Amino acid sequence: MAHADDLLVDIAARVESEHDSRMSLTVVVPGAVITGRLAPETLWKQRVAEVLEASDQLAGFSSVFTPPRATGEPPEPRAARPTHLHFHVARILQGNVGLPDTGGMYRVALEDVSAWTIGDLRYADQ
């Protein structure tokens, strides 16, 4: 089993603890290069839920991404360290094109990242 890069885990933890979505990152995972901005997991889930709720066919799935309503029970404890990166406004790089054009929402397991760099890669037609 792969071990996540401790430095990358620290970056993900900082994004989570500061609820900041300004960190741009590019990662290499099996079969893809993904570039975009990181978001805290709660913000990422909220945005995915909003997209699903707006769909006539997929609205029922939005509840998977929304926190359960208060029932008087304490929330489940969170893992001390993040296990995933949550990208928004992200693209999968294919040659000199980023898919989708407008950016997408991607969840990437930290242990699957084989290489990474700070910054959002830009591309231009040449």
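Guide: F65 counts as partly exposed, at 22% relative accessibility; buried means under 20% relative accessible area, exposed over 50%, and partly exposed in between (1.4 Å probe, protein chains only). The model is predicted, so local features need pLDDT of at least 70 and side-chain atom pairs count only at pLDDT 80 or more, while totals for chains, interfaces and linings use all residues. Residues are numbered from 1 along each chain as its sequence is written, and side-chain values use heavy atoms, leaving out hydrogens and water.

Searching the whole structure gives one aromatic pair. Rings of Phe, Tyr and Trp (its six-membered ring) pair if their centres lie within 6.5 Å; planes under 30 degrees apart are stacked, over 60 edge-to-face, and the rest tilted. The pair links distant parts of the chain, as W44 is in helix 2 and F65, 21 residues apart from it, is in the loop between helix 2 and strand 3. Helices (H or I, at least four residues) and strands (E, at least two) are DSSP runs numbered from the N terminus. W44 is buried because its relative accessible area is 6%.

The loop between helix 2 (41-53) and strand 3 (84-94) also holds L58. L58 is partly exposed, at 38% relative accessible area.

From W44 the contacts lead on to F87. Leaving aside neighbours within four places in sequence, F87 is in contact with W44 and others, including V27, I34, R37 and Y106; contact means heavy atoms within 4.5 Å. F87 is also among the residues of the largest nonpolar core, which has 19 members; V27, I34, L85 and F87 touch the most other members. Helix 1 (6-18), strand 1 (24-29), strand 2 (32-38), strand 3 and strand 4 (97-109) each give two or more residues to this core. Helix 1 supplies the largest share, five residues. A nonpolar core is a set of buried Ala, Val, Leu, Ile, Met, Phe, Trp, Tyr and Cys residues joined through side-chain atoms within 4.5 Å.

A90 is in strand 3. A90 is buried because its relative accessible area is 0%. Not counting residues up to four places away in sequence, A90 touches I34, G36, G104 and Y106, among others.
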